[in-house]
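Let's take a friendly walk through a protein model, one region at a time. Keep the picture open beside you as you read.

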Amino acid sequence: MIPKIDIYPNYAMMSYAAAERVIDLMNHKPEAVICFPSGSTPKGMFDALVAASQKGRVDFGRCVFIGLDEWIGLGAGDDGSCRDLLDRDFLKPIGLRDAQIVFFDGKALDPQAECNRVNKIVESLGGLDLIVLGVGMNGHLALNEPGTSWDTYAHISELDTITKEVGQKYFNQPTVLTRGITVGIRHILEARSAILLASGSAKAPVIERALAFPVSKDFPATVLQNHLSADFILDADAAELIS
């Protein structure tokens, strides 16, 4: 099974295209359950969604938002946390109410209970309608690191060395990152639609491997080859090694 691949000339056009997919879903299913990543790659998509909302092209008032992942030990209000970034870039500008947001609390005294809580909510909602993903340099999806079982739902993840290093870009000072809490590979595979966003030539080898290599737990992004409705939305630089 080969995911759909859409390549755009630049980051801005890629971001706009991804936003249009979200808008189309929301206009067809206003109560959709959506799951988005934090970070730099989806920022353009978020900007386009906020602009569309302000113009009345899309209404997020009935959707449910599920947080993709969080660093253990961090939570809302902590600079650099996934919740902090999403609050700034999407959740607050779009005007989502607290009742619409389900997010992992990385500061929870019992992280496993947090996993169970989110799993139950997603199950009660009938699963995810759309999950948007970035991809790590080691192929991770969310914080599902190399070696993660395909059968996992929300779980606690021991962070790979690459993830610890790359994660520092979100913080103003060196921050110890050891574990994460994340939706699982089963959540991704069971989502009705999945979008992987990637931009820049640094991600080109990652995208090449995700699409061309055999499906393997050693490179989690390859699991999207098994998804029934996966779409790689890429800029030209990220797609430069696709044959």
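## Strands side by side

Start with Val132, which stands opposite Ile195 in β9. The strands β6 and β9 pair in the parallel sense over 4 bridges; two strands pair if DSSP finds at least two bridges between them. β2 and β6 also pair in the parallel sense, over 2 bridges, and here Cys35 stands opposite Ile131 in β6. The labels come from DSSP runs, numbered from the N terminus: helices are H or I with at least four residues, and strands are E with at least two.

A word on the model: it is predicted, so local features need pLDDT of at least 70 and side-chain atom pairs count only at pLDDT 80 or more, while totals for chains, interfaces and linings use all residues. Residues are numbered from 1 along each chain as its sequence is written, and side-chain values use heavy atoms, with hydrogens and water left out.

## Inside the protein

Which residues cover the two faces of β6? Leu130 and Val132 lie on one side, Ile131 and Leu133 on the other, and all are buried. Buried means under 20% relative accessible area, exposed means over 50%, and partly exposed is in between (1.4 Å probe, protein chains only).

The largest nonpolar core has 41 residues, and Ile66, Ile131, Leu141, Leu196 and Leu224 touch the most other members. Such a core is a set of buried Ala, Val, Leu, Ile, Met, Phe, Trp, Tyr and Cys residues joined through side-chain atoms within 4.5 Å. Elements that each supply at least two residues include β2 (33-36), β3 (64-67), β6 (130-133) and β9 (193-198). Helix α7 gives the most to this core, with 4 residues. There is also a second, separate core of 38 residues, with Ala19, Leu25, Ala52 and Phe171 among them.

Look next at Leu196. Leaving aside neighbours within four places in sequence, Leu196 is in contact (heavy atoms within 4.5 Å) with residues including Leu133, Leu141, Leu224 and Ile233.

Ala142 is found in the loop between β6 and β7 (155-158). This residue has a positive phi of about 55 degrees although it is not a glycine. Is Ala142 buried or exposed? Ala142 is buried, because its relative accessible area is 8%.

Pro205 has its place in helix α7 and, at 43% relative accessibility, counts as partly exposed. Pro205 and Leu241 are 36 residues apart in sequence, yet 6.7 Å apart in space, C-alpha to C-alpha.

## Charged partners

How many salt bridges does the structure hold? There are 13, each a side-chain nitrogen of Lys or Arg within 4 Å of a carboxyl oxygen of Asp or Glu. One of them joins Glu20 and Arg57, with the closest N and O atoms 3.0 Å apart. This pair links distant parts of the chain: Glu20 is in helix α1 (residues 11-28), and Arg57, 37 residues apart from it, is in the loop between α2 (43-54) and β3.

Another salt bridge joins Asp47 to Lys43, and here the closest N and O atoms are 3.0 Å apart. Asp47 and Lys43 are separated by about one helical turn, because they are 4 residues apart in helix α2. Asp47 is partly exposed at 39% relative accessibility, and Lys43 is partly exposed with a relative accessible area of 30%. Elsewhere, salt bridges that share partners join Lys4, Asp6, Arg21 and Asp231 into one network.
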